[in-house]
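Here are my notes on the model, point by point. Please read them with the structure open.

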Amino acid sequence: MGNGAADAAHPAELEHERQARALAGQVMKFDIVTIFPRMVEAGLVEGVIGRGRTSGLLDIVVHDLRAFTSDRHRTVDDVPFGGGPGMVLKPEPLFGAVEKIRETRGTPDAVLLMSPAGRRFTQADARRLAKAGHVVVLCGRYEGVDERVREHLATEDVSIGDYVLSGGEVPALAIVDAIGRQVPGVVGDEQSVDEDSFTRGLLDHPHYTRPAEFRGHRVPDVLLSGHHGEVRQWRRREALRQTVERRPDLVADAPLDDEERKWLRGLQGLREQDEKQGSE
Ligand code: SAH
């Protein structure tokens with residue numbers, strides 16, 4: 001069935017719900033500042049985030065940085081002091097944009113500067129920021145952004161990984177998506193957010209759907225058994241196995257119960273055996 005029911009809601013009903021949520025203070029606000037507003041807007045109309053917006057849980061405004069320039073050419077960049085290649089985003093339009101946002105949309109709880117030099121954004125940040133009511137996201141371009149923006153305007157500078165992109169627009173979409181899906185009600189089935197990878201400090205368990213046999217590859221029998229208890233146990237154990245195999249760095253910090261610790265000893269024993277056999 002998917003999301004048909006939500007899409008079919010009457011506009012008047014939606015508007016009513018939107019107002020009710022705004023009154024209850026459950027709406028999360030985002031303001032994204034970019035020189036490519038259409039590129040960002042295009043990433044926010046479909047799927048979970050698009051629906052979060054139409055249902056009124058997410059109030060997202062994309063701002064064109066050029067609207068905050070004061071010269072005839074609407075200049076957002078300039079050459080770097082000290083020389084060297086490329087251009088740098090000027091501070092005035094970015095400060096102007098955040099000041100305008102503060103006046104018209106209220107004082108934000110966080111101003112995030114997208115930067116490959118920032119602290120790596122994690123699921124824990126997504127959950128923390130989803131509890132804030134209002135987040136501003138600043139997208140850099142060219143060689144980057146005048147350092148005074150990081151020092152005196154942003155509250156955090158954030159990287160989405162150790163690689164360099166041409167601009168902050170894709171990072172902004174990634175971060176708004178990660179935060180937005182943590183806002184209660186945005187993902188229809190709350191449980192699916194709680195079981196996502198990283199939320200419990202472990203990766204997610206594997207998922208299968210029909211057919212039960214595809215090109216000779218069968219779905220694990222336990223999933224077809226109808227024993228809910230066994231299915232739950234299999235999923236917990238497989239989540240742990242996936243994490244031990246693919247991201248052993250996560251296991252040390254994951255909060256495990258007694259049973260999971262027992263499985264872990266077994267899985268780590270197997271790994272050591274494999275490694276020994278591999279080196280023989
Ligand atoms: N010269 C800079 C790179 C600038 S890339 C440096 O070496 O650090 C241009 C813009 O893209 C940045 O200002 C930032 O907003 C965005 N960006 C690029 N890679 C990113 C990443 N991994 N995470 C977040 N933002 C990134």
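1. Q182 sits in the loop between α8 (169–180) and α9 (190–194). Helices here are DSSP runs of H or I with at least four residues, strands are runs of E with at least two, and both are numbered from the N terminus. Is Q182 buried or exposed? Q182 is buried, at 14% relative accessible area. Buried means under 20% relative accessible area, exposed means over 50%, and partly exposed lies in between (1.4 Å probe, protein chains only).

2. What does the side chain of Q182 pair with? Its polar contact is with the side chain of R127, at 3.4 Å. A polar contact is a pair of N or O atoms within 3.5 Å; within protein, one must be able to donate a hydrogen and the other to accept it, and residues adjacent in sequence count only if both atoms are side-chain atoms. Beyond four places in sequence, Q182 touches Q123, A126, R127, A130 and V193. Contact means heavy atoms within 4.5 Å.

3. A word on provenance. This is a predicted model: local features need pLDDT of at least 70, side-chain atom pairs count only at pLDDT 80 or more, and totals for chains, interfaces and linings use all residues. Residues are numbered from 1 along each chain as its sequence is written, and side-chain values use heavy atoms, with hydrogens and water left out.

4. Next, the nonpolar packing. The largest nonpolar core has 29 residues, and I32, V135 and I179 touch the most other members. A nonpolar core is a set of buried Ala, Val, Leu, Ile, Met, Phe, Trp, Tyr and Cys residues joined through side-chain atoms within 4.5 Å. At least two residues each come from β1 (28–34), β2 (58–64), β5, α6 (123–130), β6 (134–138) and α8. Helix α8 gives the most, five residues. A second, separate core holds 17 residues, among them L94, V111, V136 and L153. In soluble globular proteins, nonpolar side chains tend to be buried together.

5. Now the ligand. Which residues are closest to the ligand? The shell has 19 residues, and M114, G140, E143, Y163 and L165 are the closest. A residue counts as near if one of its heavy atoms lies within 4 Å. By class, the shell has nine nonpolar, eight polar and two charged residues. Ala, Val, Leu, Ile, Met, Phe, Trp, Tyr, Cys and Pro count as nonpolar, Asp, Glu, Lys and Arg as charged, and the others, Gly among them, as polar.

6. Check the backbone atoms around the ligand. A backbone N or O atom of Y163 lies 2.9 Å from a ligand nitrogen. For L165 the corresponding distance is 3.0 Å, and for G161 it is 3.1 Å. Taken alone, the ligand exposes 560 Å², and the protein buries 83% of that. Accessible areas come from the Shrake-Rupley method with a 1.4 Å probe; for residues, only the protein chains shown count as cover. β5 (110–120) and β7 (156–159) are the elements that give two or more residues to the shell. The largest share, three residues, comes from β5.

7. Some backbone geometry to inspect. The peptide bond from R210 to P211 is cis, with omega near 5°. P211 lies in the loop between α9 and β8 (213–214). F198 is found in the loop between α9 and β8, with a positive phi near 80°. F198 is partly exposed, at 39% relative accessibility. R215, in the loop between β8 and β9 (217–218), has a positive phi near 50°. R215 is exposed, at 71%. Most residues other than glycine have a negative phi, and most peptide bonds are trans.

8. Chain totals, for reference. The secondary structure comes to 12 helices and nine strands. Of the 280 residues, 39% count as buried. The C-alpha trace spans about 70 × 60 × 40 Å along its principal axes.
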